[in-house]
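Please examine the sequence and structure shown here. The briefing that follows is arranged by topic for a reader new to the entry.

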Amino acid sequence: MNNLLRMVAVLLVLLMGVTASQAQSVRPPGNAVNLDDGIEPGPPNTLGDLSDSDFWRNYRGGDPNDPQQIIGPRPDGVVLTTTGQHWRALRENYIRKYAGWAPLIVIGILAVFYVLIGPMRIKSGRSGKTLSRFNLTQRVSHWFMAAVFILLGISGLIILLGRPLIAPFLGKEVNSIMTSAAMQGHNLFGPLFIVALVWMFIKFVRGNFFQWVDLKWIFKLGGFFGGHVSSHEFNFGEKSWFWMVTIVGTVISVTGVLLLFPWLVEDLRILQLSTILHGLGAVGLISVLFGHIYVGTIGMEGSLDSMLKGEVDEHWAKEHHDLWYEKVTGKSASETAKEEEPS
Amino acid sequence: MTANSEIAVEKFLEHTDAEAASFFEACVHCGECAEACQFYLSTGDPKYTPTYKLRPMERAYKRDKAPFSGLKKALGLAPSPVTEEELREWEPLVYDSCNMCARCTLVCPMGIDIAGTIRKMREGYAAAGFVPEGLQRSAEFVKKTGSPMGVTAKALKAQIKHQEDAVGIKIEIDKKGADYMAIFSSMEIMGYPEVLGAYAKLFKRAGLTWTISSVAYEATNVGVQIGSAPMAKEILQRVVDAAEALEVKHVISPECGHAYGAIRWAGPNMMGRQFKFEVVHIIELLDQLRREGKIPVGKKDTRRMTLHDPCQIIRRGGLLKEPRSLLNDSCANFTEMKGAGITNFCCGGGGGVSANPRAEELKTAAFSRKVEQLNGVQDLEAVVVPCGNCRAVFEDGLDEYDLDLEIIGLSELVAETLAEEDETGA
Amino acid sequence: MSFLEFVEGPLFLVASAIFLLGVVWRVGGIILIGRKKDISPPKGSAAMGFLKGNLRHFIPRGIFAKRTALHLIAGYGFHLALLVLVLFAAPHIAFIQDRLVNVNLPEMPRWGFILTAEISFAGLIMLWVRRISDPVMRLISDWDDHIGSWLTFLVMLTGCLALQESHGFLRAQHMLVVDVWLIYFPFSRLMHAFTFFLSRGNSGATYGRKGINL
């Protein structure tokens, strides 16, 4: 899997790399408005001697009786929505500035953890015997989600962070090309995310409801710093991730649909809120995803088998999901562990 | 590369004709075939994926015979040569875990005949001497006695005598000019000799003249199972010579799967000429006689019965309707098992697997699919198995899985339910 | 000559030529290997069997369908949608009319294009993730399978990235991958698009000869 991820990364870099050298071929979108055509500066002093502040206040306040409101008012009387300014401020000053840091911080924490504490090994070694954990449909739905998520994640980050991260270094033209491409890709793959989300929810919801034993998992910090933690088919960490994906994923899906089809709502503020929620949720998911990838690959020996082969080693099951092990095998996890100890 | 593996590869290439090549070229590694293979289904082991079993032969073809193979070799992109180690590793896959049942062809989106290609692949294995001991032993028996179980003419005559006494009809041996010459599988002669009596009864009623040769009575062709064309030809030669010497018009292929394919379809090609007689399968013949009204049905068997479809007779032999129409006539309570007909599971012992003691465990595992099918028929009392080899596998299998069912041959059932002479007023 | 002109012009022509000649060479090569004439007395027509085998294998058999449902949906979804995309996407039609032949293919509306692309992508992704997450598929897959899947994916992806038709570079990128795909095609397992009729037909002919009605 590592190789695959590496391959994906290399391919992307290659594609984007060529971009830089070819930036000269930029031309405006077919439907773009050319400011040089037809729009001329208006006549001076059209407002006469009226106070500018009053004028703007009226516009913002939305008084349909004000004869100065020459632009057709919306049903609620609002002529000029200034929430756009707040939205813009929020997006520019906070989200664009800090969003990129969240995944990096998570990666940093993981790196430190890996170096200091190291990966979790199967303590008793591999038994060679396996238990069936995920069936083929579960595996395919998981990887389908993973693939769509990666495509959306990369294109989304380009859209969000292209201006601060790409434009200053590679130039505005490159950013323009990449953003155009990313937007098309993002819009196209978006609906697939909804399909993936629903499919994965159906395939994984069983066993993902919280149980009392999960409390112990929290107190023992998931066993990441030593100690044995009991858990059923899924532990607290997995369950949290499942519900986070489900809930945040739903938010992203709904807001995404609104952004794709903006005519579905009348109030512009809903769309502004949508972009904020969409971005925040996505950045949150992307950040936590690195934790998920870590535990699923280099962080925990034997985890990846469950998603590549559908089978896990019996010792892995005993150590990480003892209650599940007991349920599927009908054997006691602690007793069989003792039995095998002398050998 | 050792001399043996070179021989194997040479044979692989020789037997990769345009047909096999089209199969190797079309496979997209989709893995569907695993879902059709009872060895995969009953073990869950990916190595039993049918297309994977062809890998060494496919590699040899892609390295040395495929279009662009020269170009790819020059660029260092051709697959590496097939090694003896690899061939040995594949030996159990080629012999122990393929019944040549061809169920995989049905599910294959490319319609690849993996069974037929395994047959070709075995040519390489047989020529190089990479053959399981059990099959090798059968082959040696054949060389000595003409029969894989070592059934001698003396033993045959003793069985014929018994049956003559049992049904009270004389069975003529080596009768020149008879219409039909019957051949049998060793399994039938030794294990289920009632079939001789059944033939006698049915053919007498139908008014056919028939005979059994004392030199060529064995239908089983171990050569085909091992994959040795020279041996297969030698075995077949006996039957052809005997039949042509006796000047019979037809040779009856028995209730035995691979034997039918060996003589009916592969036979003339192996001999390089058409026969002076016609090959007819016993089921085909009985169905024809039934339709002509020559063997009318009398009292039906009332037991709840189902039919097992021997792969080589049904799926690869094309006799799909005949056994069913015979059964519907003879049995009042005939129920199909789930997946019956073209898509039915093999017994697990076909393709030489039952003659290969090393494959015993796999064979039993594979039979679990059949057990599932049988258990799916409510109140089942008997199963009709029109193949001597399947029948032996069924006996072992039912025993292993503690199933209490009677196993009946189709000819016997038809003979048993034959109308009494006076019933039809004849 | 700009990069776009190069990948759309000379490179595309060379790639197409390699594609066509390669396909003909390979299919011809397979057929020319030849086979012995079957002299066993036939019970049915081999030619009809060849045809029937080709048609029959389009339709999945019920008894296997449950176990292979995912694969069937993804496989059919991907292949059919891709075919529709190649032939009926508006930019493709424009390209065909511009550079190849002046045929009048019906144009898909934009929503139809998007929907088809979604189906196609979903199918291809499912097929590929199945390849990496199933022990059977992992065992039998080789580099050719992965490269073929990825190249096709990149062709589709770059095509969709260029959807806005705003940047020549994005169009050139798509064309470049298409050219690479065309050159890779005849040497790879992508050839199954042409060899399938031989394998289905050959099995079908054998069955047909034996009078087997599948």
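Of the 343 residues of chain A, 37% count as buried, meaning under 20% relative accessible area with a 1.4 Å probe and protein chains only, where over 50% is exposed and anything in between partly exposed. This is a predicted model, in which local features need pLDDT of at least 70 and side-chain atom pairs count only at pLDDT 80 or more, while totals for chains, interfaces and linings use all residues. Residues are numbered from 1 along each chain as its sequence is written, chains are lettered from A and ligands numbered from 1 in the order in which they are written, and side-chain values use heavy atoms, with hydrogens and water left out.

**Chain A by itself**

- The secondary structure of chain A consists of 13 helices and two strands; helices (H or I, at least four residues) and strands (E, at least two) are DSSP runs, numbered from the N terminus.
- Contacts (heavy atoms within 4.5 Å) between residues at least 6 apart in the sequence of chain A join, in 73% of cases, residues at least 24 apart.
- Chain A exposes about 19,800 Å², and carbon and sulfur atoms supply 65% of that area, as computed by the Shrake-Rupley method with a 1.4 Å probe.

**Interface of chain A and chain C**

- In this interface, 38 residues of chain A are in contact with 34 residues of chain C.
- About 3,300 Å² is buried between the two chains, and carbon and sulfur atoms give 75% of it; buried area is the accessible area (1.4 Å probe) that two parts lose on being put together, summed over both.
- The rule finds one salt bridge across the interface of chain A and chain C, a salt bridge being a side-chain nitrogen of Lys or Arg within 4 Å of a carboxyl oxygen of Asp or Glu.
- Arg139(A) forms a salt bridge with Asp134(C), with 3.7 Å between the closest N and O atoms.
- On the side of chain A that touches chain C, the elements giving two or more residues are α1 (2-21), α5 (136-170), α6 (172-204) and α10 (303-308) of chain A.
- The most comes from α6(A), with 13 residues.
- By class, this side of chain A has 27 nonpolar, eight polar and three charged residues; Ala, Val, Leu, Ile, Met, Phe, Trp, Tyr, Cys and Pro count as nonpolar, Asp, Glu, Lys and Arg as charged, and the others, Gly among them, as polar.

**Interface of chain B and chain C**

- The contact takes 62 residues from chain B and 52 residues from chain C.
- Between chain B and chain C about 4,800 Å² is buried, of which carbon and sulfur atoms give 61%.
- The rule finds five salt bridges across the interface of chain B and chain C.
- Glu35(B) forms a salt bridge with Arg67(C), the closest N and O atoms being 2.3 Å apart.
- Helices of chain B that each supply at least two residues of the side touching chain C include α2 (18-26), α5 (55-64) and α16 (257-271).
- The largest share of that side, seven residues, comes from α2(B).

**Thr195(C)**

- Thr195(C) lies in helix α10 (residues 192-209) of chain C.
- Thr195(C) counts as buried because its relative accessible area is 0%.
- Not counting residues up to four places away in sequence, Thr195(C) touches Glu25(B), Ala26(B) and Ile30(C).
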